[in-house]
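Dear colleague,

Please find below the structure I am handing over to you. My notes on it follow directly after.

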Amino acid sequence: MNTLIKAHNDKMNRLVNVSSKRRVTELDFFTECSIKYKDYLNAPLALNPNESKKLSDVIKNSFIQQAQDQEYGVILRSTRLATDIKNMSQAQIKEDKKYISDFFSRLDKIQKLGGYLIVAVENITPENLPVFISNYENLNINGTNESTRDRNMFMLAAWANLFDYFDDVKVEKDFTFRETNNGEIAVLNQRIKFLIKGSTFKKYLHKKQYVINDFLYNKNITFDEYGNGYYTIYGEVDSTQLPNGDLLSLYISEVPQSMDLGQAFEDGGITRNATLQPQYFLGGTTLNENDPNNTENDTSIKVPMYSIKDNKVKRFFVKPINTAAINKTPAYAAEVNSHIAGLFAVASGDISVLSGYSNKRLGIDLPLGINEVITPELEQMYQMLSPEGKVGFVGNRYMFNTTGNNQDRISLVDAQKAFIMDLILDSNLDTKLIQENIPGEPVIIKETLRDDSRQGKDLIEALNENEMPIPEYYKNMLGITEWQTGMPVYLQKLPEEVSEIPSERNEQINQFVEQYS
């Protein structure tokens with residue numbers, strides 16, 4: 001196999017695997033949260049021994065204590081101002097009034113922030129989890145790497161009190177006020193402490209690279225008075241985030257809708273009544289409009305495929321599909337461009353939305369460098385790589401594209417659009433073309449070309465001899481000029497024919513049997 005094709009295939013397979021594993025992790029976690037909550041409801045004891053101290057109680061007790069303090073409390077100061085103001089100095093009066101004003105200002109800020117947070121996580125609370133899980137395909141945990149996604153998932157769960165039903169996870173919530181250049185802000189924070197020997201840590205955090213790095217540098221690890229080790233994840237929200245929208249958007253985003261492919265393919269003339277039109281088969285031509293059901297004039301190329309088993313010859317024909325022609329169909333290309341424009345109207349500047357779309361709608365993760373602007377150091381590192389290393393580069397390879405005679409580099413957004421367009425076009429073909437398991441009828445399949453059998457070699461030779469157009473990515477990004485092992489191809493497979501091998505064989509038959517056995 002061509003080393004460039006192999007590097008590309010390995011990279012794309014990694015991205016697909018990451019997306020699949022991420023879906024499993026998130027769904028398993030939220031499902032486990034729901035199961036633990038149901039188990040608690042059905043438990044014989046009404047008391048929940050694992051419930052963490054509620055943030056509302058922490059805030060309430062703190063403000064009550066501050067109000068009732070016998071030396072500096074709000075009640076004491078208010079009483080003093082009401083009954084003994086004549087005997088107080090101006091400095092003391094000013095100090096008491098400021099203290100009381102700050103107290104109620106802070107109380108108002110923390111109540112407002114807490115109220116927004118309660119509303120934000122309402123749909124993720126234990127009793128609402130089944131609905132949340134059922135709508136999971138339309139929601140994305142924000143982040144473009146495993147560490148950020150895990151943190152956002154666990155932060156969201158902790159704010160919604162989902163860990164109240166775990167016996168190996170502790171959540172410590174608190175609040176503070178922080179001085180900024182624009183005045184004081186309210187801050188809510190929480191520490192999620194996973195028992196290192198517990199099942200939750202082993203299931204969701206054990207052996208992850210960022211966790212291993214923390215252990216190596218002794219970060220985020222604490223011990224209680226009994227010597228139990230905990231891995232801690234910390235996070236906070238503050239009142240400056242309220243004007244920017246729902247607090248929930250810090251951790252989760254809605255996934256944009258995918259294309260309406262049925263309509264797009266029909267409007268583009270690629271299909272008619274959900275049937276692929278003959279001009280999109282290699283060598284095919286448009287059917288006569290006056291006689292659309294006439295298939296006798298089908299000019300598409302049919303490649304014979306043979307195999308021999310149990311002294312029988314199995315023969316079927318395949319009709320290669322010209323996917324390059326499909327993707328270049330003007331009306332369809334316009335639909336794709338319009339869809340991408342709409343997607344980036346939402347996702348530009350918010351890579352989490354783009355990541356959610358890629359994972360949930362296309363089933364593939366984004367490369368780590370998809371949102372990374374080129375630096376001289378990054379370009380120098382890239383240019384030092386071998387051709388195979390460049391193809392498998394973990395960053396967004398499109399961002400190194402150049403255009404025009406002066407070799408100007410394309411922008412980061414244009415690079416993102418080019419990458420997403422390729423993903424969408426490939427996903428659309430998989431969705432619309434592949435039609436397997438229809439007994440006795442032609443089916444459309446997607447195969448990866450191989451040359452380890454005579455049948456595979458025949459197909460590669462037929463594609464090249466008949467000048468089947470090379471997919472754009474392989475041609476433009478990898479410099480591939482002919483069909484070869486490792487490349488994907490879409491084929492319509494016609495019904496199989498079976499015949500007996502003649503009992504009396506000549507040299508030609510023997511050679512045929514040897515090739516296809």
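Where is K207 found? K207 is found in the loop between α7 (199-204) and α8 (209-216); here helices (H or I, at least four residues) and strands (E, at least two) are DSSP runs, numbered from the N terminus.

Before the remaining findings, a note on conventions. This is a predicted model, in which local features need pLDDT of at least 70 and side-chain atom pairs count only at pLDDT 80 or more, while totals for chains, interfaces and linings use all residues. Residues are numbered from 1 along each chain as its sequence is written, and side-chain values use heavy atoms, with hydrogens and water left out.

**Residues with positive phi**

K207 is not a glycine, yet its phi is positive, at about 70 degrees. K207 has a relative accessible area of 67% and is therefore exposed (buried means under 20% relative accessible area, exposed over 50%, and partly exposed in between, with a 1.4 Å probe and protein chains only). N273, also a residue other than glycine, has a positive phi near 55 degrees. Its place is in the loop between β7 (271-272) and β8 (275-276), and N273 is exposed because its relative accessible area is 68%. A further positive phi, near 55 degrees, belongs to E467, which follows helix α16.

In helix α7 lies K202, which counts as exposed at 52% relative accessibility. Leaving aside residues up to four places away in sequence, K202 touches I196 and K197, where contact means heavy atoms within 4.5 Å.

The expected span of a helix is 1.5 Å times one less than its number of residues. For the twelve residues of α16 (residues 454-465), at 1.5 Å a residue, the span should be 16 Å, and the end C-alpha atoms are 16 Å apart, so the two agree. The buried residues in α16 include G456, D458, L459, I460, A462 and L463.

Helix α15 (residues 412-433) has 22 residues, which at 1.5 Å a residue should span 32 Å; its end C-alpha atoms are 32 Å apart, so here too there is agreement. Buried in α15 are A415, Q416, F419, I420, D422, L423, I424, L425, S427, N428, L429 and L433.

**Packing of α11 with α15**

Helix α11 (residues 330-347) packs with α15 at an angle of about 125 degrees, with the axes 10 Å apart. Axes are lines fitted to C-alpha atoms, for helices over the stretch in contact, and angles run from 0 to 180 degrees between N-to-C directions. The angle therefore makes α11 oblique to α15 (under 35 degrees counts as roughly parallel, over 145 as roughly antiparallel, 65 to 115 as roughly perpendicular, and the rest as oblique). The crossing of α11 past α15 is right-handed; a crossing is left-handed if the near helix is turned anticlockwise from the far one by less than a right angle, and right-handed if clockwise.

From α11, the contact is made by Y332, V336, N337, H339, I340, L343 and F344, and from α15 by V413, Q416, K417, I420, M421, I424, L425 and N428. By class, the residues of the contact of α11 with α15 are ten nonpolar, four polar and one charged. In this division, Ala, Val, Leu, Ile, Met, Phe, Trp, Tyr, Cys and Pro count as nonpolar, Asp, Glu, Lys and Arg as charged, and the others, Gly among them, as polar.

**Packing of α3 with its partners**

Helix α2 (residues 55-68) and helix α3 (residues 74-83) pack at an angle of about 35 degrees, their axes being 4 Å apart. In this contact, Q66, A67 and Q68 of α2 meet V74, I75 and L76 of α3. The contact of α2 with α3 has four nonpolar, two polar and no charged residues.

With helix α4 (residues 90-120), α3 packs at an angle of about 135 degrees, with axes 10 Å apart. This angle makes α3 oblique to α4, and α3 passes α4 in a left-handed crossing. On the α3 side, V74, R77, S78, R80 and L81 meet Q92, I93, E95, D96, K97, Y99, I100, F103 and F104 of α4. Seven nonpolar, two polar and five charged residues form the contact of α3 with α4.

**Separations across the chain**

S62, in helix α2, is partly exposed, with a relative accessible area of 28%. The C-alpha atoms of S62 and E514 are separated by 86 Å, and the two residues are 452 apart along the chain. E179, found in strand β2 (residues 169-180), counts as exposed at 59% relative accessibility. From C-alpha to C-alpha, E179 and K432 are 57 Å apart in space, and 253 residues apart in sequence.

With kind regards
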